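Subject: Structure handover

Hello,

I am passing the structure on to you, with notes on what turned up in it. Please look it over first and then read on.

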Amino acid sequence: MGTSRLPIKNLLRKPGRTAALVLLTALLAASVFGGSVVVGSLRSGLQSLEARLGADIIVMPAEAESKVSFKNMLLQGTTGAFYMDAAVLDEVRAAQGVQIAAPQTFLASLKADCCAIKVQIIGIDPDVDFTVKPWIDERYAQGLGDMEVAVGCKVTAGVGETLKIYEQYTRVVAKLAETGTGLDTAVYCNMDTMQKLLAAAEAKGVSHKISSGSDVISAVYVKVKDGADVAQVNSWLNGHIRKVTAVRARSMFTDVSDSLSGIARAARALIGAVWALALVILLVAFAMMIHERRREFAVLRLLGVSRRGLRAEILAETALCGLAGALLGVGVAALGVFPFTTLIETKLGLPYLTPDAGTLLALAGGTVLATLLVGLLAGAWAAARLSRTDPGATLREGA
Amino acid sequence: MLRAENLSMRYFRRTGQANLFYAVKDVDLELCPGEVALLTGRSGSGKTTLLHMLAGLLTPSEGKVWLEDTDLYALPDADLSRLRNRRFGVIPQGRSAVDTLTVLENVLLPQQLRGEKGDVENALRWLDALGIANLRDARPAELSGGELRRMAIARALAGNPDILLADEPTGDLDDENTAAVLSLLRKSAVEEGKAVLLVTHDSEALPYGTRIYRMESGFLRGEDADG
Ligand SMILES: Nc1ncnc2c1ncn2[C@@H]1O[C@H](COP(=O)(O)OP(=O)(O)O)[C@@H](O)[C@H]1O
Ligand SMILES: [Mg+2]
């Protein structure tokens, strides 16, 4: 029967009641969506970091603090420089079980040099590099030439601009995709360029030389052969090459992934609790709303609305409330989370990468759908309770 | 046209002796077209309970209600609801407005529930006859008890039902309006051939009835119109 416009009228002509239900729903949808986005961002941040590294083992100088600064460099973009003799590379290559060994050399820019902040400059060997090279290739496939640099997405310089590093002029040829890690604030060049920059830095009094005066590198990324035991290769490297530490890449990030999965678990529990609470609160709120209006619904039955028609009327109202609340909540959460990405990132000190648009849309869609479902469930439950009573019994009450 | 057969309503109630009691017991009653049946009786004697059962609003614990040869409570809910909408005009006790609709929209609602647009002129005629045409665009919250009652009467009449069931429709009306309402109801029976059941305490109503019943503790006693 033609009750189709009644739900809309009921909602619009009782704006206070409607607003209360919509806001309640919005609040719950917002916490669910906001929480999911933060957890999802942390997860994709760590994934992107692991993918970028792709190494089984990282060999670096033995100095105690280098491991810490290395990690901070990757996670938070702090600058750091530590060096070892380039000959280490050949020793690593000679080790049994090593498939590829790719060197990198680090240099911290001066603050005044190029960018607003000190940035990490990373020299790679384009012939063997398997860590950042594929990532650079996505944007600049011909390979970094002499005095050419690729920059992370958070470096202000744009493609085609000149970047002055230690009085040397380099040309930006590519800007890289976001990783959510410290790599986003780094500048990449090839090893020849790096040697020139190191010499220029030396002239400015920034020393990097180690005793022998030979070429230096900062780290060697190792990929082991298929079937080789990573732990074995790692301990061999530690035992046979002097003054270096070999670290398994995974172990370097275990504490990060541990705290990350801790956060994710806590967030999931929180989101679960919010959902459970949301379900109960919405059930109670809708049930109260319907209980308060039971006389009105009994009148509709009296005028000829069937049980089924009444259920449709109630479901239409709760669904509309649920939908409006869900959309509002997701919108508000988006406004609350996305503009503060940088703040959240620095506060957490963890790789944080907002998931791609598809994933976000799916999350938003899922939240809206689930909220709508809860609204429908609450409506169905209240309507079922209502239709168990004969309208005659309700009409007698307080008449 | 509408016939109650051995109709009883039993309620569970914690009392001193028996936990069960009958609000309505073994009632046989027939409402015919063109007649105004008055139902009187003390408060709590079962009048409202009987009216609700006759209207298809309350499932009796025993007995049957027949509309012609249809057993009301054997019908599926959708069919019973459709019958209520098309053939019954019920004026319940107490408030019965849909608060979000205006007075006019309330009066048009039964027709719109059938999927019709609703006859506005007809609705306004009834509102006018009951003296509340000026309130057509008011919301129920703004109305007095007597105005709400007259709105409910207009709503029942505007749907053009065959059977009118009115539960103390003049309870909160002044003498002038009471007379107007009672003559409207009588006219629908006598001139339009509707069957009318009128629950009332009002002795003023007695002249309008063609038949008078009295409820006593759930039992129905017939009386003559003049007695
Ligand atoms: N749902 C119910 N549960 C228990 N008792 C009820 C219920 N409905 C009505 N009654 C009782 O049935 C009796 C008749 O009620 P009612 O039909 O409203 O009387 P009247 O309309 O004649 O004043 C009253 O004693 C009332 O308390
Ligand atoms: Mg009563």
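How do the residues of the lining of the second largest cavity divide into nonpolar, polar and charged? Five are nonpolar, three are polar and three are charged. Before the rest, please keep in mind that this is a predicted model.

Cavities

The second largest cavity has a volume of about 70 Å³. Its lining consists of A:Arg294, A:Phe297, A:Ala298, A:Arg301, A:Leu310, A:Leu386, A:Ser387, A:Thr389, A:Asp390, A:Pro391 and A:Thr394. Three elements of chain A, namely helix H9 (294–302), helix H12 (357–387) and helix H13 (391–396), each provide at least two of the lining residues. H9(A) has the largest share, with four residues.

H9(A) itself is largely enclosed by the rest of the structure, because eight of its nine residues are buried. The buried residues in H9(A) are A:Arg295, A:Glu296, A:Phe297, A:Ala298, A:Val299, A:Leu300, A:Arg301 and A:Leu302. After H9(A) comes A:Gly304, which has a positive phi near 115 degrees.

Searching the whole structure gives six cavities of 30 Å³ or more. The largest cavity holds about 120 Å³ of space. It is lined by 15 residues, and those closest to its centre are A:Leu303, B:Asn85, B:Phe88, B:Gly89 and B:Pro110. In chain B, helix H2 (77–87), strand S6 and helix H5 (145–158) are the elements that give two or more residues to this lining. Sorted by class, the lining of the largest cavity has seven nonpolar, four polar and four charged residues.

The magnesium ion

Ligand 2 is a magnesium ion, coordinated by OG1 of B:Thr48 and OE1 of B:Gln93 at 2.0 to 2.5 Å. B:Thr48 sits in helix H1 (residues 47–54) of chain B, while B:Gln93 sits in the loop between strand S6 (88–91) and helix H3 (103–113) of chain B, so the pair ties together parts that are 45 residues apart in sequence.

Are these two residues buried or exposed? B:Thr48 counts as buried, because its relative accessibility is 14% and the cut-off for buried is under 20%. B:Gln93 has a relative accessible area of 24% and is partly exposed.

Ligand 1

Which residues are closest to ligand 1? Of the 13 residues that surround ligand 1, the closest are B:Gly44, B:Gly46, B:Lys47, B:Thr48 and B:Thr49. The site is shared between chains, because residues from chains A and B surround ligand 1.

- B:Ser45 has a backbone N or O atom 3.2 Å from an oxygen atom of ligand 1.
- B:Lys47 has a polar backbone atom 2.9 Å from an oxygen atom of ligand 1.
- B:Thr49 has a polar side-chain atom 2.5 Å from an oxygen atom of ligand 1.

The largest pocket

The volume of the largest pocket is about 520 Å³. Its lining has 24 residues, of which A:Arg396, B:Gly44, B:Gly46, B:Thr48 and B:Thr49 are the closest to its centre. B:Gly44, B:Gly46, B:Thr48 and B:Thr49 are also among the residues closest to ligand 1.

Which element gives the most to this lining? H1(B) does, with four residues. At least two residues each come from H13 of chain A and from strand S1 (2–12), strand S2 (20–31) and H1 of chain B. By class, the lining of the largest pocket has eight nonpolar, eleven polar and five charged residues.

Two single residues

B:Gln111 belongs to helix H3 of chain B. Its relative accessibility is 5%, so B:Gln111 counts as buried. The side chain of B:Gln111 reaches the backbone oxygen of B:Ala158 at 3.4 Å.

A:Thr342 is part of helix H11 (residues 341–348) of chain A. With a relative accessible area of 53%, A:Thr342 is exposed. How far apart are A:Thr342 and A:Gln168 in sequence and in space? They are 174 residues apart in sequence and 31 Å apart in space, C-alpha to C-alpha.

Regards

Terms used:
Residues are numbered from 1 along each chain as its sequence is written. Chains are lettered from A and ligands numbered from 1 in the order in which they are written. This is a predicted model: local features need pLDDT of at least 70, side-chain atom pairs count only at pLDDT 80 or more; totals for chains, interfaces and linings use all residues. Side-chain values use heavy atoms; hydrogens and water are left out. Donors are N, O and S atoms within 2.8 Å of the metal (3.2 Å for Na, K and Ca); water is not among the atoms, so sites may look incomplete. Buried means under 20% relative accessible area, exposed over 50%, partly exposed in between (1.4 Å probe, protein chains only). On a 1 Å grid over the protein atoms alone, a cavity is a set of points where a 1.4 Å probe fits but cannot get out, and a pocket is an open set with protein on both sides within 12 Å along at least five of seven lines; lining residues have an atom within 4 Å of a point. Grid points are joined across faces, edges and corners, and a volume is the space filled by probe spheres set on the points. Ala, Val, Leu, Ile, Met, Phe, Trp, Tyr, Cys and Pro count as nonpolar, Asp, Glu, Lys and Arg as charged, and the others, Gly among them, as polar. A residue is near a molecule or strand if one of its heavy atoms lies within 4 Å of it. A polar contact is a pair of N or O atoms within 3.5 Å; within protein, one must be able to donate a hydrogen and the other to accept it, and residues adjacent in sequence count only if both atoms are side-chain atoms.
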